[in-house]
Amino acid sequence: MSEFPPARIDTDRLRLRVPREEDAVPIFERYASSAEVTRMMLWPPHSVVDQTHEFLSAVRDNWERAEGHRAWTIRIGDDPHPVGMIGLMIRNLGGVEIGYILAKPWWGFGIMTEAVRAVTERALATPGIFRVQATCHADNAASRRVLERAGFHQEGVLSHYANYPALGSEPQDCLLYARTVAHSAPRSVEPDFSEGRYDLD
Ligand SMILES: CC(C)(COP(=O)(O)OP(=O)(O)OC[C@H]1O[C@@H](n2cnc3c(N)ncnc32)[C@H](O)[C@@H]1OP(=O)(O)O)[C@@H](O)C(=O)NCCC(=O)NCCS
């Protein structure tokens, strides 16, 4: 369990793996060219598929060099094409920062919560990694919910923190979330009293 990040992570429904050259067209068509899906991302939608090729090529180089931004494609079931991506940077002091995006037809099925949990739990099971963090636009309710369901805690508001190309030139307020080795496994929002258990910690 100590290799991190691993080239492949499987969950109940998802297969996370290093991007391949042939992923560029489906990624471009399914979400990278969408103004709606990329609205709360730090990059503008891709206008030509070459931009997606370049991005994936850089990510593949990072995997080969074992440094920088490494990201996995997310695939579901028998679908050979990715529906989204989740990526990370390893920071100093044992910290990891994650980011993610999912094509719109697959929103609302718990897919990103499952992917975030898998990457985070793998990270925190790795010796020397103590913390996984993520920032999101303060108005990104779906992303906040993903992080909360994956056991992250909000640590602060980052005022005028990041530039979102779709939202003008003024840096936007973001929220900082983290899950660390000090946090227990993800908890349900409501305590479970069903069998007389009081799991409140
Ligand atoms: C954010 C994103 C990754 C979520 O992926 P997903 O697989 O749909 O997320 P999940 O289904 O695991 O969970 C979404 C949760 O947010 C909730 N949600 C979705 N839209 C919401 C909204 N507008 N307001 C409040 N809650 C919302 C869902 O109901 C769900 O919570 P629940 O299960 O408690 O009901 C996806 O919407 C996306 O790719 N958005 C565009 C890119 C982006 O914002 N990336 C993150 C940048 S920080």
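User: Which element gives the most to the shell around the ligand?

Analyst: Happy to start there, keeping in mind that this is a predicted model. The shell around the ligand has 20 residues. The elements giving two or more residues to this shell are β5 (95–102), α3 and α4. With five residues, the element that gives the most is α4.

User: How do the residues of the shell around the ligand divide into nonpolar, polar and charged?

Analyst: Among the 20 residues that surround the ligand, the closest are M112, T113, A141, A142 and R145. Taken as a whole, the shell divides into 14 nonpolar, five polar and one charged.

User: Are α3 and α4 parallel, antiparallel, perpendicular or oblique to each other?

Analyst: Let's go from the geometry. Helix α3 (residues 111–124) and helix α4 (residues 141–149) have axes 9 Å apart and pack at an angle of about 45°. Angles under 35 degrees count as roughly parallel and 65 to 115 as roughly perpendicular. The two helices, α3 and α4, are therefore oblique.

User: Is the crossing of α3 and α4 left-handed or right-handed, and which residues make the contact?

Analyst: The crossing of α3 and α4 is right-handed. On the α4 side, the contact is made by V146, L147 and R149. The residues of this contact divide into four nonpolar, one polar and one charged. From α3, the contributors are M112, T113 and V116.

User: What do the buried residues of α1 pack against?

Analyst: In helix α1 (residues 24–32), the buried residues are A24, I27, F28, R30, Y31 and A32. Their packing partners are α2 (49–65), β4 (84–90) and β5.

User: Is P19 buried or exposed?

Analyst: P19 sits in the loop between β2 (14–17) and α1. Leaving aside neighbours within four places in sequence, P19 is in contact with L56, V59, R60, A71 and T73. A residue is buried if 20 or more other C-beta atoms lie within 10 Å of its own. P19 has 22 C-beta neighbours inside 10 Å, so P19 counts as buried.

User: Is A166 buried, partly exposed or exposed?

Analyst: Here is another loop residue to look at. A166 lies between β7 (153–162) and β8 (172–180), and A166 touches A35, T38, R39 and P44, not counting residues up to four places away in sequence. The cut-offs are 20 or more C-beta neighbours for buried and 12 or fewer for exposed. A166 has 14 other C-beta atoms within 10 Å, so A166 is partly exposed.

User: How many Å apart in space are A166 and G77?

Analyst: Along the sequence, A166 and G77 are 89 residues apart. In space, C-alpha to C-alpha, the value is 33 Å.

User: Where is L93 found, and what is its phi?

Analyst: L93 is found in the loop between β4 and β5. L93 is exposed, because 7 other C-beta atoms lie within 10 Å. Although L93 is not a glycine, its phi is positive, at about 55°.

User: What is the phi of H160, and is H160 buried or exposed?

Analyst: H160 is found in strand β7. Although H160 is not a glycine, its phi is positive, at about 50°. With 10 other C-beta atoms within 10 Å, H160 is exposed.

User: Is the peptide bond from F4 to P5 cis or trans?

Analyst: P5 lies in the segment before β1 (8–10). The bond from F4 to P5 has omega near 0°, and the peptide bond is cis.

Terms used:
Residues are numbered from 1 along each chain as its sequence is written. This is a predicted model: local features need pLDDT of at least 70, side-chain atom pairs count only at pLDDT 80 or more; totals for chains, interfaces and linings use all residues. Axes are lines fitted to C-alpha atoms, for helices over the stretch in contact, and angles run from 0 to 180 degrees between N-to-C directions. Helices (H or I, at least four residues) and strands (E, at least two) are DSSP runs, numbered from the N terminus. Angles under 35 degrees count as roughly parallel, over 145 as roughly antiparallel, 65 to 115 as roughly perpendicular and the rest as oblique. A crossing is left-handed if the near helix is turned anticlockwise from the far one by less than a right angle, and right-handed if clockwise. Two residues are in contact if their C-beta atoms, placed from the backbone, lie within 7 Å. Ala, Val, Leu, Ile, Met, Phe, Trp, Tyr, Cys and Pro count as nonpolar, Asp, Glu, Lys and Arg as charged, and the others, Gly among them, as polar. A residue is near a molecule or strand if its C-beta atom, placed from the backbone, lies within 6 Å of it.
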